[in-house]
Amino acid sequence: MLKTLGIAARNRGDLLVRCITSVDLAVEHLFLIDNGNDESVRRSMEQVRNRQIPNAALFSTITMEKYGNLGCGPSWNRITLASPGPWLIAGSDIQFSPGTLALVQARLSEHPDASIICAFG
């Protein structure tokens, strides 16, 4: 199980939902930040909050915060300050390939003292 998955989104709620529904590993804490005024992001976050996604059972808790535009770096800081680590921070426009999160979790298990683990793909 991943501890925290953090995602900040400014626009394109459709891509945010695609990102979240591509998660195929249990996540203790999903932390979402709405960084804009895009109605599609608001609707997508409500869809996730109401657990109207096929993989909703994978997320133990879901936290959502709204800002006008906190920015990328400050959003990541907010995620790490407000939720338990280790953290996986993802862009709202990515899509996880099947099995990728299991590989990330395996690396975390192999290297529990690592400061950062990077993935390419």
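## Strand pairing

Two strands count as paired if DSSP finds at least two bridges between them. In this predicted model, strand β1 (residues 2-9) and strand β2 (residues 27-34) are joined by 7 bridges and pair in the parallel sense. Within this pair, T4 has H29 of β2 opposite it.

## The sheet

The pair β1 and β2 belongs to an open sheet of 4 strands, arranged in the order β3-β2-β1-β4 with parallel pairing.

Helix α1 lies across β1, β2, β3 and β4. Relative to β1, α1 runs at about 170°.

## Packing of the two helices

Two packed helices are described by the angle between their axes and by the distance between those axes. For helix α1 (residues 13-21) and helix α2 (residues 39-49), the angle is about 30° and the axes are 7 Å apart. Angles under 35 degrees count as roughly parallel, and α1 and α2 are therefore roughly parallel to each other.

On the side of α1, the contact is made by G13, D14, L16, V17 and I20. Helix α2 contributes S40, V41, S44, M45, Q47 and V48. The residues of this contact divide into 6 nonpolar, 4 polar and 1 charged.

Methods
Residues are numbered from 1 along each chain as its sequence is written. This is a predicted model: local features need pLDDT of at least 70, side-chain atom pairs count only at pLDDT 80 or more; totals for chains, interfaces and linings use all residues. Side-chain values use heavy atoms; hydrogens and water are left out. Axes are lines fitted to C-alpha atoms, for helices over the stretch in contact, and angles run from 0 to 180 degrees between N-to-C directions. Helices (H or I, at least four residues) and strands (E, at least two) are DSSP runs, numbered from the N terminus. Angles under 35 degrees count as roughly parallel, over 145 as roughly antiparallel, 65 to 115 as roughly perpendicular and the rest as oblique. Contact means heavy atoms within 4.5 Å. Ala, Val, Leu, Ile, Met, Phe, Trp, Tyr, Cys and Pro count as nonpolar, Asp, Glu, Lys and Arg as charged, and the others, Gly among them, as polar.
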